[in-house]
Amino acid sequence: VDADNGAFKWGEGNRSIQGEIHAPAAVGDNRVYVVSTNGRIYAYEATSGTYQWDTLLGGLLDQAPVIVKDGVVVVGRGAGAFALNAANGLKKWTTPGIARIISDNGGMLYCLNDQGGLSVLDAASGRITRSAPLTGAVDFAGAANDSTLYVATDDGWVLRVQDAGGH
């Protein structure tokens with residue numbers, strides 16, 4: 001929407017998304033990424049709104065995509081994490097057992113795994129580099145610096161997770 005006159009800059013035409021949208025869009029590298037409950041992620045050119053691609057993934061897509069170097073990572077509920085090439089939407093890797101990305105920290109993705117623990121993924125390869133148990137469900141998390149993650153759990157704990165690997 002144009003801030004001066006309220007007119008749509010783009011939003012009509014071939015930008016139809018099937019299914020419902022339950023997560024914020026992500027914007028990066030001049031693309032807008034939108035996930036839908038139909039299991040697809042859609043990419044549009046940010047300035048013009050031109051459709052770029054869409055890719056069918058597994059699981060329910062109800063979390064915001066995460067922009068990473070040369071791509072985007074999406075979690076499908078019950079299906080794991082998927083990394084896609086930004087230019088064409090082709091899958092780069094899939095990592096099962098990931099339930100939610102809670103923080104992106106310099107190429108490392110801090111994630112909740114299906115067992116409620118913490119897993120650290122290398123964003124380039126999808127390889128789980130480390131895992132640790134957590135007490136309680138995680139409500140909020142945020143990286144404070146390059147190697148520390150703070151996590152608030154639903155059982156009243158605030159945890160400081162220090163990455164011994166320096167990531």
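Visitor: What makes Trp-53 count as buried?
Guide: Trp-53 has a relative accessible area of 4%. Buried means under 20% relative accessible area, exposed means over 50%, and partly exposed is in between, with a 1.4 Å probe and protein chains only. So 4% puts Trp-53 in the buried class. Before we go on: this is a predicted model, where local features need pLDDT of at least 70, side-chain atom pairs count only at pLDDT 80 or more, and totals for chains, interfaces and linings use all residues. Residues are numbered from 1 along each chain as its sequence is written, and side-chain values use heavy atoms, with hydrogens and water left out.

Visitor: How many aromatic pairs does the structure hold?
Guide: There are 2 aromatic pairs. One of them joins Tyr-33 and Trp-53.

Visitor: Why is the pair of Tyr-33 and Trp-53 called tilted?
Guide: Rings of Phe, Tyr and Trp (its six-membered ring) pair if their centres lie within 6.5 Å; planes under 30 degrees apart are stacked, over 60 edge-to-face, and the rest tilted. Tyr-33 and Trp-53 sit 6.0 Å centre to centre with 50° between the planes, so they pair, and the pair is tilted.

Visitor: Which parts does that pair tie together?
Guide: Tyr-33 lies in strand β2 (residues 31–35) and Trp-53 in strand β4 (residues 51–56), so parts 20 residues apart in sequence are tied together. Strands here are DSSP runs of E with at least two residues, numbered from the N terminus. Tyr-33, at 1% relative accessibility, is buried.

Visitor: And what makes the pair of Tyr-44 and Tyr-51 edge-to-face?
Guide: The planes of Tyr-44 and Tyr-51 are 70° apart, with 6.1 Å centre to centre, so the pair is edge-to-face. Tyr-44 is buried at 2% relative accessibility, whereas Tyr-51 is partly exposed at 33%.

Visitor: How do you know that Arg-40 and Asp-54 form a salt bridge?
Guide: A salt bridge is a side-chain nitrogen of Lys or Arg within 4 Å of a carboxyl oxygen of Asp or Glu. The closest N and O atoms of Arg-40 and Asp-54 are 2.7 Å apart, so this pair is a salt bridge. Arg-40 is in strand β3 (residues 40–45) and Asp-54 in strand β4, 14 residues apart. Both ends are partly exposed: Arg-40 at 27% and Asp-54 at 26%.

Visitor: How far apart are the closest N and O atoms in the salt bridge of Asp-62 with Arg-77?
Guide: They are 1.8 Å apart, so the pair falls within the limit. Asp-62 is in the loop between β4 and β5 (66–68), and Arg-77 in the loop between β6 (71–76) and β7 (80–85). Asp-62 is buried, with a relative accessible area of 18%.

Visitor: What makes β9 and β12 edge strands?
Guide: The sheet is open, with 4 antiparallel strands in the order β9-β10-β11-β12. β9 (98–105) and β12 (128–132) each have a single partner strand, so one side of each is left without a neighbour in the sheet.

Visitor: How many bridges join β9 to β10?
Guide: Two strands pair if DSSP finds at least two bridges between them. β9 and β10 (residues 108–113) are joined by 6 bridges, so they pair. In β10, Met-108 stands opposite Asn-105.
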